[in-house]
Amino acid sequence: MEMLAMGKYGVYVWTCFGLTFTVLVTCVVQARRRHRAVLREVRRHMQLTETDE
Amino acid sequence: MWTFFHKLASPPHFYGLAGKFIPWFAAIGLPLVAYGTWAGLFIAPPDYQQGDAFRIIYVHVPAAYLSMLAYMVMAIAAGIGLIWRMKLAHAVAASAAPLGAWFTFLALATGSIWGRPMWGTWWEWGDPRLTSELILLFLYLGYMALRAAIDDGTKADRASAVLALVGAVNVPIIHFSVEWWSSLHQGPTLIREGGPAIAGDMLYPLLAMIFGFSFLFGALLLMRVKSEVLYRERRARWVRRLATESAGAA
C-alpha cells in the first residue's frame, strides 16, 4: 500500500498514468471506429452506384 | 530500387504491408510500455529532490517526444506529398495529425499536473516551453480543421500540407526553448552534453517507455493510414471487394 501512495504525490502520479493509458486506448478505439466507418461508406457508395446503373 | 518505391506506393500493396506490420509494432511496443510502467512506478528509486513526483517523467517525456516526432512525420510526409504529388504521403500526413494532437494534449496535461506540486502552478503564461507546446496543439487542430473544411480531397491535401510545413518551425523552437530563454521547465535529461543526467535504474524504464510509445505510435499510424488509403481509393475494385468481404464479418 505504501508503494501505491507515492509519498504525498499519489494523486498527481496516478492521474498522469491514468490519463496516459486512457488516451492510448482512445487512440486505438478511434482508429478502429474510423476503419469500420470507411468500410461502411464504401458499401453505401457501392449500393448508390448500383441503383444508378 | 525504383520498382520497390513504386510497389510500396501502390495502395493495395501498401495496405497489405501495413496490415502485416501493425501486430509486430504492437507486439514490440506493448511489452516495452508494460515494463517501463512497472519499473518506472515501482522499481526506480524516488528522486532525491522530487520524491515520487518525478515518476511522471515516464509518461510526460514519451508523450512530449511523440508530440514532436508525430509533427515531423506529418510535415515531412506533407512535403513529399506536395513535391512529388504522392497521395500515399498525404494519407500519412493526415493520419499523423490526430495522434500528434493526442500526444500533445497528453504532454501538456501531464506537464501541468507535474507542475502543480513542483512549481506551485498548473500553468505559466509566457513560459517558452509551455507556450510553444500549446502552439503545437493549435497547429495540429488547425491542420485538422483546415482538412475538414475543404471538400475537394486534392485541395485539402495541398492546403493542409502548406500549413504543416510552415508550422514545422515550431518544433525546433519547442526543443531549444529551454536553452534559448529562461524557463520554469527543466533542461534536457537525455540528449545533452556529457550524456544522460539520470542514473541507470531511472533511465532504462524511461528509454523503454520512449521506444515503446514510438512503436505504439507506429502501429496506430499504420492503422489510420490503412483507413485513409481505403477512403481515398473508395472507387477502386480492390476496396469494394474488401468492403463486401468485411460486411459479413462485421
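Reply: Start with chain A: buried residues make up 21% of its 53 residues. This is a predicted model, and every value here is computed from it.

Me: What makes a residue of that chain count as buried?

Reply: The cut-off is 20 or more other C-beta atoms within 10 Å of its own. In chain A, 21% of the 53 residues pass that test.

Me: What makes chain A more spread out than a compact globule?

Reply: First, its elements: chain A has two helices and zero strands. Its radius of gyration is 22 Å, while the globule rule gives 10 Å for 53 residues. The value is well over the rule, so chain A is more spread out than a compact globule. The box filled by its C-alpha atoms is roughly 70 × 15 × 10 Å along the principal axes.

Me: What does chain B consist of?

Reply: Nine helices and zero strands. Along the sequence the pattern reads α-α-α-α-α-α-α-α-α. The C-alpha trace spans about 60 × 40 × 35 Å along its principal axes. Of the 250 residues in chain B, 38% are buried.

Me: How do you know which residues chain B's contacts join?

Reply: Take contacts between residues at least 6 apart in sequence. Of these, 77% join residues at least 24 apart.

Me: How do you know what confidence the predictor has in this model?

Reply: For chain B, the mean pLDDT is 92, and 96% of its residues reach 70 or more. For the complex, the predictor gives an ipTM of 0.90 and a pTM of 0.93.

Me: Why is Leu136(B) called buried?

Reply: Leu136(B) has 26 C-beta neighbours inside 10 Å. The cut-off is 20 or more, so Leu136(B) counts as buried. Its place is in helix H5 of chain B. Setting aside residues up to four places away in sequence, Leu136(B) touches Ser67(B), Tyr71(B), Thr104(B), Asn170(B) and Ile174(B).

Me: Which other residues of that helix are buried, and what covers them?

Reply: The buried residues of H5(B) include Pro128(B), Arg129(B), Leu130(B), Glu133(B), Leu139(B), Tyr140(B) and Tyr143(B). Their cover includes H3, H4, H6 and H7 of chain B.

Me: Why is Trp180(B) called exposed?

Reply: Trp180(B) has 11 other C-beta atoms within 10 Å. Exposed means 12 or fewer, so Trp180(B) is exposed. Trp180(B) sits in helix H7 of chain B, residues 170–180.

Me: Is Arg85(B) buried or exposed, and what makes it so?

Reply: Arg85(B) has 12 other C-beta atoms within 10 Å. The limit is 12 or fewer, so Arg85(B) is exposed. Arg85(B) lies in the loop between H3 and H4 of chain B. Its phi is near 50 degrees, a positive value in a residue other than glycine.

Me: Which residues touch the most other members of the largest nonpolar core?

Reply: Among them are Ile56(B), Ala70(B), Met74(B) and Leu220(B), in a core of 73 residues. Helix H2 (10–52) of chain A gives two or more residues to this core, together with H2, H3, H4, H5, H6, H8 and H9 of chain B. Ile56(B) contacts residues of both chains, including Tyr12(A), Val13(A), Cys16(A) and Trp114(B).

Me: How many residues take part where the chains meet?

Reply: 35 residues from chain B and 26 residues from chain A. On the side of chain B that touches chain A, H4(B) gives the most, with nine residues. By class, that side has 22 nonpolar, six polar and seven charged residues.

Note on methods. Residues are numbered from 1 along each chain as its sequence is written. Chains are lettered from A and ligands numbered from 1 in the order in which they are written. This is a predicted model: local features need pLDDT of at least 70, side-chain atom pairs count only at pLDDT 80 or more; totals for chains, interfaces and linings use all residues. Two residues are in contact if their C-beta atoms, placed from the backbone, lie within 7 Å. Helices (H or I, at least four residues) and strands (E, at least two) are DSSP runs, numbered from the N terminus. Ala, Val, Leu, Ile, Met, Phe, Trp, Tyr, Cys and Pro count as nonpolar, Asp, Glu, Lys and Arg as charged, and the others, Gly among them, as polar. The radius of gyration is taken over C-alpha atoms; the globule rule is 2.2 Å times the number of residues to the power 0.38. A nonpolar core is a set of buried Ala, Val, Leu, Ile, Met, Phe, Trp, Tyr and Cys residues joined through C-beta atoms within 7 Å. pLDDT is the predictor's confidence in each residue, from 0 to 100.
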